[in-house]
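Here are some notes to read alongside the model. I have kept them as numbered points so that you can check each one as you go.

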There are 2 protein chains.
Amino acid sequence: MPKQVDPDARRADVVDALFRVALREGLPRVSLRTVAAEAELNIGSLRHYFASQPELMRFAMSAMLDRVAARLMRRVAAAAEAGDDPEALRARAVEMFGELLPLDDARRAELMIFLDFSAAARTDPDLADLARTAARGARALVRRVLGRLARAGAIRSDVDLDLETERLTALLDGLGVNAALHPDLVDADTCLAVVRTHLRHLAPPP
Amino acid sequence: MPKQVDPDARRADVVDALFRVALREGLPRVSLRTVAAEAELNIGSLRHYFASQPELMRFAMSAMLDRVAARLMRRVAAAAEAGDDPEALRARAVEMFGELLPLDDARRAELMIFLDFSAAARTDPDLADLARTAARGARALVRRVLGRLARAGAIRSDVDLDLETERLTALLDGLGVNAALHPDLVDADTCLAVVRTHLRHLAPPP
DNA sequence: CTTTATTTATCACGGGTGTGATACTTCCCG
DNA sequence: CGGGAAGTATCACACCCGTGATAAATAAAG
């Protein structure tokens, strides 16, 4: 009985259109009408896939976090095959954290949208739990990487890993925000240099 | 001929009302009407002090940055009287950076509003230069404090001060955003502990 | 008191928003 | 072929927005 349309693909298209509008004009300018126009869809069609505007917003934020998580999981899988050489492990860690930094236009766009949604989630109860889960997830990842580095002897043994998790998480968040919002002040190379320097400072003395 | 009203005080009241609305409901909910209602003013009165909505927004963001800058300048003046003892200097530095962290409700509110305006400035040309100036100012301050610490021998001599400026700036920004948005994950004591740990890691070996 | 400029207060307009309701079209299945 | 679900397309409504225009109230100055 149904028409031959893949609803999931449609929803993904709509979310992509929403991201383009949010990136270009900011999240406050995102509305059913602007997104429908960007997706070259009729508002009625859009509303057939998203019952309400809050539902669309939540779906979009969730989709964005899922994409980041998927990228990170791929890196985690790749890093699992790495050995225990401290130097190689540190390089893997830099690659991992690089997924959270605006090293190219795609990640820069993602970070800007993440920033907009984070700000919106502060006052939008529908998005609060997503922001909280994302924050906890970032900490868990950083903690996991630091733990692995510590076990391989790539980190001094006299540091508090919980505190270092907080410090590195803050560093990555701040670096991402700064480099995304002010690419003329912080470029991609500087981002990587900062992360490498941080990990080197955590290394045990020779 | 005029009525006895201090225009500057009125503008400050309006800006305070705007901050309250932005803090409670988010910057997108800020409008001439909501701010006027919060300030218990008529829209006509509000428009007598701010010709347009963009002008109000810019004035408010500028006022917020000025307040932070004034607080920091007070700390700078106080720190100028400090001696050259590395330990005391580090304590002064922590106090200084603490002004940028959500250590109490007032600073937490300020940080949330700063975050909202930063996000808005990304797509609002009227606010872009303010955000840029703020970012450069933060770097300049961090650089200045690090320079003073280095001259007093409170920092290892084998570090790149420019890179360390970027690293510490990112750390402070990220810590501020994280603690402001997720106070249940990062409390005030953790903030200070992170900053102290960072400065200690920069100290020269005994 | 009259003048005059500041301040306060309303109104109306065009435009954007989310949403409920309602048709119309398309196309698979029985 | 006909029934009916899935998808597309419009309308209308109430609400909020910024702003231009205009009027009324206030109080100091002449």
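Which residues does B:Glu166 touch, not counting residues up to four places away in sequence? Point 1 takes this up, after a word on conventions. This is a predicted model, in which local features need pLDDT of at least 70 and side-chain atom pairs count only at pLDDT 80 or more, while totals for chains, interfaces and linings use all residues. Residues are numbered from 1 along each chain as its sequence is written, chains are lettered from A and ligands numbered from 1 in the order in which they are written, and side-chain values use heavy atoms, with hydrogens and water left out.

1. B:Glu166 touches A:Leu185, A:Val186, A:Thr190 and A:Val194 from chain A, along with B:Arg139. Contact here means heavy atoms within 4.5 Å. B:Glu166 sits in helix 8 (residues 161–181) of chain B, and with a relative accessibility of 9% it counts as buried. The terms are as follows: buried is under 20% relative accessible area, exposed is over 50%, and partly exposed is in between (1.4 Å probe, protein chains only). Helices (H or I, at least four residues) and strands (E, at least two) are DSSP runs, numbered from the N terminus.

2. B:Leu202 also deserves a look. It belongs to helix 9 (residues 188–202) of chain B and is buried, at a relative accessible area of 1%. Leaving aside neighbours within four places in sequence, B:Leu202 is in contact with A:His201 of the other chain, and with B:Leu146, B:Ala154, B:Ile155, B:Arg156, B:Glu164 and B:Arg167.

3. How do the two chains relate?

4. Now for chain A as a whole. Its secondary structure consists of nine helices and zero strands. Its C-alpha atoms fill a box of roughly 65 × 40 × 30 Å along the principal axes. Of its 206 residues, 48% count as buried. Among contacts in chain A with a separation of 6 or more, 68% come from residues 24 or more positions apart.

5. On charge, chain A carries 29 positive and 31 negative side chains, and the centres of the two sets lie 2 Å apart. Lys and Arg count as positive and Asp and Glu as negative, with His and the chain ends not counted. Each charge is placed at NZ of Lys, CZ of Arg, CG of Asp or CD of Glu.

6. Helix 1 (residues 7–25) of chain A has 19 residues and reaches 27 Å from its first C-alpha to its last, close to the 27 Å expected at 1.5 Å a residue. That expected span is 1.5 Å times one less than the number of residues. The buried residues of helix 1 include A:Val14, A:Leu18 and A:Phe19. Their cover includes helix 2 (32–38), helix 3 (43–49), helix 4 (53–80) and helix 6 (105–123) of chain A, together with helix 6 (105–123) of chain B. Just after helix 1, A:Gly26 takes a positive phi of about 95 degrees.

7. A:Arg11 lies in helix 1 of chain A and is partly exposed, at 23% relative accessible area. Not counting residues up to four places away in sequence, A:Arg11 touches A:Tyr49, A:Phe50 and A:Phe59.

8. Helix 4 of chain A has 28 residues that should span 40 Å at 1.5 Å a residue, and its end C-alpha atoms are 40 Å apart, which agrees. Among its buried residues are A:Met57, A:Met61, A:Met64 and A:Arg71. The buried residues of helix 4 pack against helix 1, helix 2, helix 3, helix 5 (86–98), helix 6 and helix 7 (125–151) of chain A.

9. Finally, please check the backbone at A:Glu40, which has a positive phi of about 55 degrees although it is not a glycine. A:Glu40 is in the loop between helix 2 and helix 3 of chain A and is exposed, with a relative accessible area of 75%. B:Glu40 likewise has a positive phi of about 55 degrees, and counts as exposed at 74% relative accessibility.
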